[in-house]
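Colleague: I want to go through the labels on this model one by one. Tell me what stands behind each of them.

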Amino acid sequence: MTRHDSAKSLAQRSMGRRSLLGVLGAAPVAVGAGWVLSGSADAVGAGSSGSSGPAGSSGAGGATGPKSASGKWSVPPALRPNGELDQFLAQQAAQDAFSGTVLVAHGDRTVLTRSFGMADKAKSIPNGTDTIYCLASVTKLFTAVAIAQLVQQGSVKYEGTLGSYLGGFAAEAADHVTVHQLLTHTSGLGDYFKIDGFFDAAAGWTTADQVLSGTLDFIRKAPLMFTPGTGHTYSNSAYAVLGGIVQQVSGQSYYDYIRQHVFAPAGMTSSDFYTRPQWQSDRRLAHPYSRPTPGPRVDIVNQEQLFIGLPDGNAFATAPDLVRFARALLGGRLLEPAYIELYNGAKFPAGTLPAKPGLPAKVLYEAYGPAVTLRNGKWAVGHNGGNAGISTFIEWYPGTEWVAVKLSNYDPQDTMMVDNEIEGILTR
């Protein structure tokens, strides 16, 4: 679930998916106080826009949430103002262990939203509900929807081989890697940013086409890690290739396809693949703050080398936009019902996280884009992502109308405890 790193030094510090999952039980590091809180209780239906209150304000839908036995809306105590989640977030922020936005929604109603910290410390711009965050590997959800749409249209088959859709690959990949394997991280492709020379070449790319085509050229030359279908290794390269398939089959650039067929119908009006210059200058975009060694966090936005994100990572969105995405997906505005089930359903067992003090065991599966978690006998479907200065999370919970989002501009090892807290509450 790591996003691609944007410089050699960041690549050396990048976390693999298992590493990110492994920090779920780790205690965050307290480094001092001083935080900004903002929030709202706006609805997040399609096309509506979230807003943030002033610093120091709070927002939660005290009269919103699931219906009780009496038929009235009732919010679980843990999600009420000053409830368990609210207090946990405030504590983490006070310790400078969390900066970002959390939004929990039920149906089209915002139940709890909180924003802490600064989007740009140098300019004193606080994070808010309308802050646009880099999504890291949550981007893979959009790429997978695009593939599902093309499968639904009959243009792509899940069992189809890579070489049927995209040229230039050696026979061992072209003739044997399937779309199913690319989606479930069982293809044998690895991570392009670990290929020698990648970042040296990427430093010269100044258009979206150069970024995607140049990355695919590196992937084409890399050997497979294992025979397709015989192993499981989280693969950013696989999702870059899936984006290439979207572009080749649709006849549109990958970026335009996602804008037109995912962001637009979902009502994700703030979402896009923003470029490096935009990330550096646009006041709406949160800067990534990393602490690679003990000491103060550093704004590393200027270390970003890739001109634009890729199909495996680094699209941008607000928290309300991600809720809109989940609602559009589950509500049939992006896929037909049968393909929603295919997209969400567990396909490949990815492992088990053993129980720890205070934490139950979790069984992990790959779906066709999302990761699927079985915890306390309940399913959670979604994705997380992270790297230096970026930590993201979205989950929805089958059989309920709950959707939860966490977007942070701090390091994953600090902020992933928030993911665990949210998932723990919504899978009780």
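Colleague: Why is aspartate 414 called buried?

Modeller: Its relative accessible area is 4%. Buried means under 20%, exposed means over 50%, and partly exposed lies in between, with a 1.4 Å probe and protein chains only. Aspartate 414 is therefore buried. Bear in mind that this is a predicted model: local features need pLDDT of at least 70, side-chain atom pairs count only at pLDDT 80 or more, and totals for chains, interfaces and linings use all residues. Residues are numbered from 1 along each chain as its sequence is written, and side-chain values use heavy atoms, with hydrogens and water left out.

Colleague: What makes the pairing of aspartate 414 with arginine 297 a polar contact?

Modeller: Their side chains come to 2.8 Å. A polar contact is a pair of N or O atoms within 3.5 Å; within protein, one must be able to donate a hydrogen and the other to accept it, and residues adjacent in sequence count only if both atoms are side-chain atoms. This pair is listed as such a contact.

Colleague: Where does aspartate 414 sit?

Modeller: In helix H14. Helices are DSSP runs of H or I with at least four residues, strands are runs of E with at least two, and both are numbered from the N terminus. The chain has 14 helices and 16 strands.

Colleague: Why are H3 and H14 called roughly antiparallel?

Modeller: The axes of H3 (residues 84-94) and H14 (residues 412-426) cross at roughly 175° and come within 11 Å. Axes are lines fitted to C-alpha atoms, for helices over the stretch in contact, and angles run from 0 to 180 degrees between N-to-C directions. Under 35 degrees counts as roughly parallel, over 145 as roughly antiparallel, 65 to 115 as roughly perpendicular, and the rest as oblique. H3 and H14 are therefore roughly antiparallel.

Colleague: Which residues make the contact between H3 and H14?

Modeller: From H3, Glu84, Leu85, Phe88, Leu89 and Gln92; from H14, Asp414, Met417, Val418, Glu421, Ile422 and Ile425. Contact means heavy atoms within 4.5 Å. By class, there are seven nonpolar, one polar and three charged residues.

Colleague: How do you know that leucine 79 is buried?

Modeller: Its relative accessibility is 2%, so it counts as buried. Leucine 79 lies in the loop between strand S2 (59-60) and H3. Leaving aside neighbours within four places in sequence, it is in contact with Leu85, Val104, Val111, Leu112, Trp402, Ile425 and Leu426.

Colleague: What makes a set of residues a nonpolar core?

Modeller: Its members are buried Ala, Val, Leu, Ile, Met, Phe, Trp, Tyr and Cys residues joined through side-chain atoms within 4.5 Å. The largest one here has 84 residues, and Phe142, Val241, Ile245, Leu322, Phe325 and Trp396 touch the most other members. Helix H4 (residues 140-153) gives the most to this core, with nine residues. Apart from it lies another core, of 23 residues, among them Leu85, Leu112, Met417 and Leu426.

Colleague: Why does tryptophan 279 count as buried?

Modeller: Its relative accessible area is 4%, so the label is buried. Tryptophan 279 is in helix H11 (residues 276-281). Its side chain reaches the backbone oxygen of alanine 286 at 3.0 Å.

Colleague: And histidine 185, buried or exposed?

Modeller: Buried, at 2% relative accessibility. A polar atom of the histidine 185 side chain lies 2.9 Å from the backbone nitrogen of serine 235. Histidine 185 is in the loop between helix H6 (179-183) and helix H7 (198-202).

Methods. Ala, Val, Leu, Ile, Met, Phe, Trp, Tyr, Cys and Pro count as nonpolar, Asp, Glu, Lys and Arg as charged, and the others, Gly among them, as polar.
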